[in-house]
Amino acid sequence: TAQTNPKGHIFKSKERVLQKRKSRIEHLCIEIGCNNCMTPFAAGVYAQQLYQLDDTIDDLHSSQGILDCVVLASKFFEVEPLNLHEMVGHGSFSDWSLEEYLENESTIFMLMDYCLFPRSPMQSS
């Protein structure tokens, strides 16, 4: 449900936003054929880290951050490699930019302290 902050602006509950993000990530993983249960989990962890720099990450019209998190998680956890060039222009990746992905990939690596294994919140501090 929407709530109001002290200035009267309406904002979405954090749980609702995170649930919608999780659902979108799961859908994208299905779309690109992910089979490893760690892929959507890791993509969610990467997205939470990337959100620190991109607060529009949940809006696919203004950010491809969620897509990039799913692609990176797939590259790391899936047995079958993705053909990134073939993904451009298809389905949810219709406006996806490989060049922007490569920049975001480096950023996600940095935000994850160069370790793509998801860590518990206590370990990431």
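Modeller: One term is needed at the start: a residue counts as buried under 20% relative accessible area and as exposed over 50%. Also keep in mind that this is a predicted model.

Colleague: Is phenylalanine 77 buried or exposed?
Modeller: The cut-off for a buried residue is under 20% relative accessible area. Phenylalanine 77 has a relative accessible area of 13%, so this residue is buried.

Colleague: Which helices and strands does the chain have, and in what pattern do they follow along the sequence?
Modeller: The chain holds 5 helices and 2 strands. Read along the sequence, they give the pattern β-β-α-α-α-α-α.

Colleague: What share of the 125 residues is buried?
Modeller: The cut-off is again under 20% relative accessible area. Among the 125 residues of the chain, the buried share is 35%.

Colleague: What share of the contacts with a separation of 6 or more comes from residues 24 or more positions apart?
Modeller: Take the contacts in the chain with a separation of 6 or more. Residues 24 or more positions apart account for a share of 63%.

Colleague: How is the pair of phenylalanine 77 and phenylalanine 117 arranged?
Modeller: A pair of aromatic rings is described by the distance of the centres and the angle of the planes. The count of such pairs here comes to 5. For phenylalanine 77 and phenylalanine 117 the centres are 6.2 Å apart and the planes make 75 degrees, and the pair is edge-to-face.

Colleague: What is the angle between the planes of phenylalanine 93 and tryptophan 96?
Modeller: Phenylalanine 93 and tryptophan 96 are both buried. Their ring centres are 5.5 Å apart, and the pair is edge-to-face with an angle of 90 degrees.

Colleague: Over the face of which residue does arginine 21 lie?
Modeller: The distance from arginine 21 to the ring centre is 5.3 Å. The ring belongs to tyrosine 51.

Colleague: How are α2 and α5 oriented to each other?
Modeller: Two packed helices are described by the angle between their axes and the distance between the axes. Helix α2 (residues 38-50) and α5 pack at about 90 degrees, with axes 9 Å apart. Angles of 65 to 115 degrees count as roughly perpendicular, so α2 and α5 are roughly perpendicular.

Colleague: Which residues of α5 meet α2?
Modeller: On the α2 side are Tyr46, Gln49 and Leu50. Their partners in α5 are Thr107, Ile108 and Leu111.

Colleague: How are α3 and α5 oriented to each other?
Modeller: The contact includes Leu72 and Lys75 in α3, and Ile108 and Phe109 in α5. The axes are 10 Å apart at an angle of about 70 degrees. The two helices are therefore roughly perpendicular.

Colleague: What is the relative accessible area of threonine 39?
Modeller: Threonine 39 is found in helix α2. Leaving aside neighbours within four places in sequence, threonine 39 is in contact with Cys29, Cys34, Val70, Ala73, Ser74, Phe77 and Glu78. Threonine 39 is buried, with a value of 0%.

Colleague: Is cysteine 34 buried or exposed?
Modeller: Cysteine 34 lies in the loop between α1 and α2. Leaving aside neighbours within four places in sequence, the contacts of cysteine 34 are Cys29, Thr39, Ser74 and Glu78. At 17% relative accessibility, cysteine 34 counts as buried.

Colleague: Is isoleucine 30 buried or exposed?
Modeller: Isoleucine 30 is in helix α1 (residues 14-31). The relative accessible area of isoleucine 30 is 67%, so this residue is exposed.

Colleague: What is phi of aspartate 113?
Modeller: Most residues other than glycine have a negative phi. Aspartate 113 is in the segment after α5 and counts as exposed at 56% relative accessibility. Aspartate 113 is not a glycine, yet its phi is positive, at about 55 degrees.

Key:
Residues are numbered from 1 along each chain as its sequence is written. This is a predicted model: local features need pLDDT of at least 70, side-chain atom pairs count only at pLDDT 80 or more; totals for chains, interfaces and linings use all residues. Side-chain values use heavy atoms; hydrogens and water are left out. Rings of Phe, Tyr and Trp (its six-membered ring) pair if their centres lie within 6.5 Å; planes under 30 degrees apart count as stacked, over 60 as edge-to-face and the rest as tilted. Buried means under 20% relative accessible area, exposed over 50%, partly exposed in between (1.4 Å probe, protein chains only). A charge sits over a ring if NZ of Lys or CZ of Arg is within 6 Å of the ring centre and within 35 degrees of the ring normal. Helices (H or I, at least four residues) and strands (E, at least two) are DSSP runs, numbered from the N terminus. Contact means heavy atoms within 4.5 Å. Axes are lines fitted to C-alpha atoms, for helices over the stretch in contact, and angles run from 0 to 180 degrees between N-to-C directions. Angles under 35 degrees count as roughly parallel, over 145 as roughly antiparallel, 65 to 115 as roughly perpendicular and the rest as oblique.
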